[in-house]
Amino acid sequence: MKIYMNGKLVPEKQARVSVFDHGLLYGDGVFEGIRSYNGRVFMLDEHVARLYRSARAIALEIPMTPEGIKRAVLRTCHANKCNNGYVRLVVTRGVGTLGLNPYLCKKPQIIIIAADIQLYPRELYKKGLDIVTVGTMRNQPEALNPSIKSLNYLNNVLAKIEAINAGVMEAIMLNPQGFVSEATGDNLFIIRNGELLTPPTEAGILEGITRNVVMALARDMGITVREKMMSRYDIYTSDEMFLTGTAAEVIPVVRVDRRVIGDGNPGPQTMALLKSFKDFAGSSGTPIHA
Ligand code: PMP
């Protein structure tokens, strides 16, 4: 595997970062997870735009233009024949001192890994997920805004630990006000009375790119889409539920905290959206080239 590091494609063994990199010492940095389908990179402009917004929010100046980053992603995919895969684009604060001061880090590191994708087991897309709500609340936006896709994922890791300890694969996190925010690495949707509902960004979520695609596809299909603050009551009593994310795509949820959603099977609108997402993802994107 060839890893992109600061302008060069290097063999995996030579792709090393310093122990003084603040990405490691403090989780100080930003990242994106991006998919390729059929030799094209999906939603590349949107991912790169979000990377720059995350960087701006943490006062990290990416030493490259957005166009340059896009070319680097395409080049890394090409070098690794990553035609149906997963790309991890990372910008760390770079090497600094043992103190926090980010302004002492002179050179952010740009790293791109183009690899295989690890999806949920295939049968779960037909059977649906069993998930729980957990005690770890999503970060308070005034402390660390969930809109920033930062390298510090401990908030999400703690929620994931709770889910796994409860015997399920995924967790729903509530915000400090007790409203539903999102899963540990995915956004959440419900269907109620034929309408598609999802928490607004003010609920304290990462504004998922898959989320936005699914909302647009749903509108094209004539489904009413609304962003709405939701309580646990709303999700327990929903007709259908699903999660969205770059890696997960669209995955149905059939049980939350032992409450059965709908009739316990993935719902028809969820399955229609899953199909329409797959069709769209498989037929759009930026062609991979050297
Ligand atoms: N929420 C969180 C916390 C995430 O990390 C992600 C990405 N894995 C998402 C939502 C989904 O975002 P996207 O559709 O852009 O992958």
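Predicted model: local features only at pLDDT ≥ 70, side-chain atom pairs only at ≥ 80, totals over all residues.
Me: How many aromatic pairs does a search of the whole structure find, and what is the geometry of the pair formed by F31 and Y153?
Reply: The search of the whole structure finds five aromatic pairs. For F31 and Y153, the ring centres lie 5.3 Å apart and the planes stand at 65°. Planes over 60 degrees apart count as edge-to-face. The geometry of F31 and Y153 is therefore edge-to-face.

Me: Which elements hold F31 and Y153, and how many residues apart are they?
Reply: F31 belongs to strand β3 (residues 29-37). Y153 is placed in the loop between β7 (129-133) and α5 (154-165). The pair thus links distant parts of the chain, with a separation of 122 residues.

Me: Is F31 buried or exposed, and what is the relative accessible area of Y153?
Reply: With a relative accessible area of 7%, F31 is buried, as the limit for that class is under 20%. Y153 is partly exposed, and its relative accessible area is 23%.

Me: What is the geometry of the pair formed by F42 and F277?
Reply: The ring centres of F42 and F277 are 5.7 Å apart. Their planes meet at 85°, and the cut-off for this class is over 60 degrees. The pair is therefore edge-to-face.

Me: Where do F42 and F277 lie, and how many residues apart in sequence are the parts that they tie together?
Reply: F42 is in the loop between β4 (40-41) and α2 (44-57), whereas F277 is in helix α8 (residues 268-282). Both F42 and F277 are buried. The parts tied together by this pair are 235 residues apart in sequence.

Me: Which residues form one aromatic cluster with F42 and F277?
Reply: F42 and F277 pair with each other in an edge-to-face arrangement. They also belong to one aromatic cluster, whose other members are Y37 and F280.

Me: What is the distance between the closest N and O atoms of E249 and R35, and where do the two residues lie?
Reply: E249 is in strand β14 (residues 249-256) and R35 is in strand β3, 214 residues apart. Both residues are buried. They form a salt bridge, one of 13 found in a search of the whole structure, and their closest N and O atoms are separated by 3.3 Å.

Me: Which residue is linked with R35 and E249 in a network of salt bridges?
Reply: R35 and E249 form a salt bridge with each other. The network in which they are linked also includes K278.

Me: Which helices does the salt bridge of K70 and D45 link, and which of these residues counts as buried?
Reply: The side chains of K70 and D45 meet at 3.1 Å, N to O. K70 is in helix α3 (residues 66-79) and D45 is in helix α2, 25 residues apart. D45 counts as partly exposed at 44% relative accessibility. The residue that counts as buried, at 14% relative accessibility, is K70.

Me: By about how many helical turns are D279 and K275 separated?
Reply: D279 and K275 form a salt bridge, with the closest N and O atoms 2.7 Å apart. Because the two residues are four apart in helix α8, their separation is about one helical turn.

Me: Which side chain of opposite charge is nearest to D186, and how far away is it?
Reply: D186 is in the loop between β9 (180-183) and β10 (187-192). Its contacts beyond the neighbours within four places in sequence include Y120, E170 and L243. D186 is buried yet has no salt bridge, and the nearest side chain of opposite charge is K160, at 6.5 Å.

Me: What is the order of the open sheet of seven strands, and which are its edge strands?
Reply: The sheet has antiparallel pairing and runs in the order β2-β1-β6-β5-β3-β4-β16. The strands that pair on one side only are the edge strands, β2 (8-11) and β16 (286-287).

Me: Which residue of β5 stands opposite R35?
Reply: β3 and strand β5 (residues 86-92) are joined by seven bridges in the antiparallel sense. The residue of β5 opposite R35 is Y86.

Me: Why is β7 largely enclosed by the rest of the structure, and what is the bridge partner of L129 in β14?
Reply: β7 is largely enclosed because four of its five residues are buried. β7 pairs with β14 in the parallel sense over three bridges, and three bridges also join β7 to strand β8 (residues 170-174), again in parallel. In β14, L129 has as its bridge partner V253.

Terms used. Residues numbered from 1 in each chain as written. Heavy atoms only, no water. Phe/Tyr/Trp six-rings, centres within 6.5 Å; stacked < 30°, edge-to-face > 60°. Buried < 20%, exposed > 50% of the residue type's maximum accessible area, 1.4 Å probe, protein only. Salt bridge = Lys/Arg side-chain N within 4 Å of Asp/Glu carboxyl O. Lys, Arg positive; Asp, Glu negative; His and termini not counted. Contact = heavy atoms within 4.5 Å. Pairing = 2+ DSSP bridges.
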